[in-house]
Amino acid sequence: MKADLLVTGISQLATAQGAGPKRGAAMRAVRVTEHAALAVADGMVVWADREEAWTGEAAAAIDVGNRAVVPGLVDPHTHAVWAGDRLADFEARTSGVGYEAILAAGGGIWSTIRATAACPEDDLAALARPRIEALLRSGATTIEVKSGYGFVPGAELTMLRAIRSLGASTAARIVPTLLIHVPPRVASDRAAYVSHVCASLIPRVAQEELAAAVDVFVEKEAWSAEEAEAMLAAAHNNGLAIKLHTEQFQRVGGLELGLRLGALSVDHLEACVPEQFAAIAQSSTVATILPGVSLHLGLPPAAGRAMIDAGAAVAVGTDLNPGSSPLFSAALALALAVRLNGLTAQEALVAGTVNAACALGRTGREVTSRGRLEAGLAADFLVLEGSDWRDLVYTLGANPVRDVFVRGQRIAV
Ligand code: NIG
Ligand code: FE
């Protein structure tokens, strides 16, 4: 066998096993190979096993010095493009004002919309670039980025174009999503907005290939399940995948809608109740939990442990955004999922790699080849600082990731 690069000196090569996320229980397994090596050709893994078993030829070699290697993380949920800040909200919340009350009063997400919609495309991309670099440094080699702070359809398009230009200027693989975030504040304007999204915005986004999926925020202070259904059906009719922000504060039918429509993922789920866990488990939809939100808003975390026990496929995202989760580390999101959502280290690795990749798409080599380290799959991997892979989810505050490789190339981060 011939390789471009052989990576040796790997104390532990830890990777999720198995392709699909279908059953949480089946996907819990992490395979750890001690004293391993990894061979790369053309950006793909061509061989991974115990170092002593390597018999091929490699054009170059790197010895990582007895350190652990894991797959590049997949962050399946971010709002990394925004302008302005939410420090006044933060101060209000820490003095006892609720997130929903701030939103209902026209602040919160609305204040970020005011700042973002006024910002040109290049400036939006420039603001987001260091955030993406921070996520990449923390181990996220694939990052989903949502629009949703444009509100006016033209400003949503500007956000998606900024996301596209970010994707062209970072080593991270960027997956764009159109987010239909909050409805017009005047109730009588909602129906016209939904019609415009369905008849004009979504077809345009699909035609210009500006997003892979459409996300709708279903919540008492946002869209109803009925309004969301119309927009998600339009997404489907235009060949786009769907996902939902749902059951964050209240249950207004978003989860059931997402499962019925075959959403890639249902995200947040802090307000989910046990009867809903089995329904998720019986679906092909990934349950994406966001522990940064629970930490930052001081609200009860999603029941990740119980969801996995019920058989659901759980993914973890940072939800990086200025209002509910200013969390710039994918590794820390996994560490928090262990502490706040009750995942084991193994489940957190699965949640942050292969399950998160499935939350971004179920078909297409680009997405399904990520999140695991096996011959034939993408050579996106992390060299950790330590020799035990569990440091990835143990460490708090310091970055457990030493080196990041995307397509077999070491990224200067
Ligand atoms: O995922 N819940 C809705 N949307 C975002 C927060 C956006 C914001 O507060 O700016 C979320 O939590
Ligand atoms: Fe979000």
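View 1. Let's start up close: histidine 245 places a polar side-chain atom 3.0 Å from an oxygen atom of ligand 1. Polar contacts are pairs of N or O atoms within 3.5 Å. This is a predicted model, where local features need pLDDT of at least 70, side-chain atom pairs count only at pLDDT 80 or more, and totals for chains, interfaces and linings use all residues. Side-chain values use heavy atoms, without hydrogens and water; residues are numbered from 1 along each chain as written, with chains lettered from A and ligands numbered from 1 in written order.

**View 2. The shell around ligand 1.** Here are the neighbours, each with a heavy atom within 4 Å of the ligand. Among the 15 residues around ligand 1, those that come nearest are Tyr99, Tyr149, Gln248, Asp319 and Ser324.

**View 3. Two domains side by side.** An automatic or database assignment gives domain 1 (2-71 + 369-411) and domain 2 (74-359). Their centres, taken over C-alpha atoms, are 29 Å apart. Where they meet, 36 residues of domain 1 contact 36 residues of domain 2, with contact meaning heavy atoms within 4.5 Å.

Technical notes: A polar contact is a pair of N or O atoms within 3.5 Å; within protein, one must be able to donate a hydrogen and the other to accept it, and residues adjacent in sequence count only if both atoms are side-chain atoms.
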